[in-house]
Amino acid sequence: MTNQLLMQKAIALSIENVKCGGGPFGAVIARNGTIISTGVNRVTINHDPTAHAEIMAIRQAAHTLGTFDLSGHEIFTSCEPCPMCLSAIYWAHLDKIYYGNTKIDAKEIGFDDSFIYDELALKPENRKIRLEQLLREEAILAFEDWKNKADKVEY
């Protein structure tokens, strides 16, 4: 499939998802023009704030392929990814992002992520949700174990 057809599929998923009670977002993960997975926004349907279209497509692709590393794959999403989805795309090592609507378009219909970007720019002690460090001496033990583990799978 061409990039345009893959994007049309992501857009069609977003339109159909609205009709089915979900949010207006769809995503497709492909490799060399072949669809590996799809996802739609299931936040309200699944009662899961992380069930964005891109995350759902990443989860399905990783499961289908049996790997967390999606290098060599591209994502086509009906809207510019939010900070959470963008982070997931980086963690999944996807090669490229194609998107339809912009984050400004999303903001205009009530999906405004700008406050998250604003929060990330603040020092932890100045963020809306307070961060407090506890028990580092105990927590660091897992990191030391990981550092010394000979057979770890790095990601």
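**Close-up views**

View 1. Phe 111 counts as partly exposed, at 36% relative accessibility. Please keep in mind that this view and the others show a predicted model. Phe 25, in contrast, is buried, and its relative accessible area is 14%. How many aromatic pairs does a search of the whole structure find? The search turns up three. One of them joins Phe 25 and Phe 111 in an edge-to-face arrangement, with 4.9 Å from centre to centre and 90° between the planes. Phe 25 belongs to the loop between α1 (3–19) and β1 (26–31), and Phe 111 to the loop between α5 (103–108) and α6 (114–121), so this pair ties together parts that are 86 residues apart in sequence.

**View 2. The rings of Phe 76 and Tyr 98.** Here the ring centres are 4.5 Å apart and the planes meet at 5°, so the pair of Phe 76 and Tyr 98 is stacked; the cut-off for stacking is planes under 30 degrees apart. Phe 76 sits in strand β3 (residues 74–79) and Tyr 98 in strand β4 (residues 96–101), so the contact ties together parts that are 22 residues apart in sequence. Are these two residues buried or exposed? Phe 76 and Tyr 98 are both buried.

**View 3. A charge over a ring.** Look for Lys 103 and Tyr 117 in this view. The charged end of Lys 103 sits over the ring of Tyr 117, at 4.7 Å from the ring's centre.

**View 4. The open sheet.** Which order do the strands of the open sheet follow? The four strands are arranged as β2-β1-β3-β4, and their pairing is mixed. The edges are formed by β2 (34–40) and β4, each of which pairs on one side only. Ignoring direction, neighbouring strands of this sheet are turned by 15° against each other on average. As a reminder, strands of a sheet pair through backbone hydrogen bonds, either parallel or antiparallel. In this sheet, β1 and β2 run antiparallel and are joined by six bridges.

View 5. Which residues of α4 are buried? They are Pro 83, Cys 85, Ala 88, Ile 89 and Ala 92. An α-helix has 3.6 residues a turn, so residues three or four places apart point the same way. The cover over the buried residues of α4 includes α3, β3, β4 and α6. Follow the chain onward and α4 gives way to His 93, with a positive phi near 65°. His 93 is in the loop between α4 (83–92) and β4, and it is partly exposed, with a relative accessible area of 29%.

**View 6. Around helix α2.** Ile 45 is part of helix α2 and counts as partly exposed, at 31% relative accessibility. What does Ile 45 contact once its neighbours within four places in sequence are left aside? Cys 20, Gly 21 and Gly 22 are its contacts. For a sense of scale, the C-alpha atom of Ile 45 is 28 Å from that of Leu 120, and these residues are 75 apart along the chain. His 47 lies in the loop between α2 and α3. Its phi is near 55°, a positive value in a residue other than glycine, and at 72% relative accessibility His 47 counts as exposed.

**View 7. Salt bridges.** With a side-chain nitrogen of Lys or Arg required within 4 Å of a carboxyl oxygen of Asp or Glu, the count comes to two salt bridges. In one, the side chains of Asp 48 and Arg 59 meet at 3.7 Å, N to O. Asp 48 lies in the loop between α2 (43–46) and α3 (53–65) while Arg 59 is in helix α3, so the pair ties together parts that are eleven residues apart in sequence. Arg 59 is partly exposed, with a relative accessible area of 43%. Lys 149 and Asp 151 also meet through their side chains, here at 3.0 Å, N to O. Lys 149 is partly exposed, with a relative accessible area of 38%, whereas Asp 151 counts as exposed, at 56% relative accessibility.

Methods:
Residues numbered from 1 in each chain as written. Predicted model: local features only at pLDDT ≥ 70, side-chain atom pairs only at ≥ 80, totals over all residues. Heavy atoms only, no water. Helix = DSSP H or I, 4+ residues; strand = E, 2+ residues; numbered from the N terminus. Buried < 20%, exposed > 50% of the residue type's maximum accessible area, 1.4 Å probe, protein only. Phe/Tyr/Trp six-rings, centres within 6.5 Å; stacked < 30°, edge-to-face > 60°. Lys NZ or Arg CZ within 6 Å of the ring centre and 35° of its normal. Pairing = 2+ DSSP bridges. Axes fitted to C-alpha atoms, helices over the stretch in contact; angles between N-to-C directions. Contact = heavy atoms within 4.5 Å.
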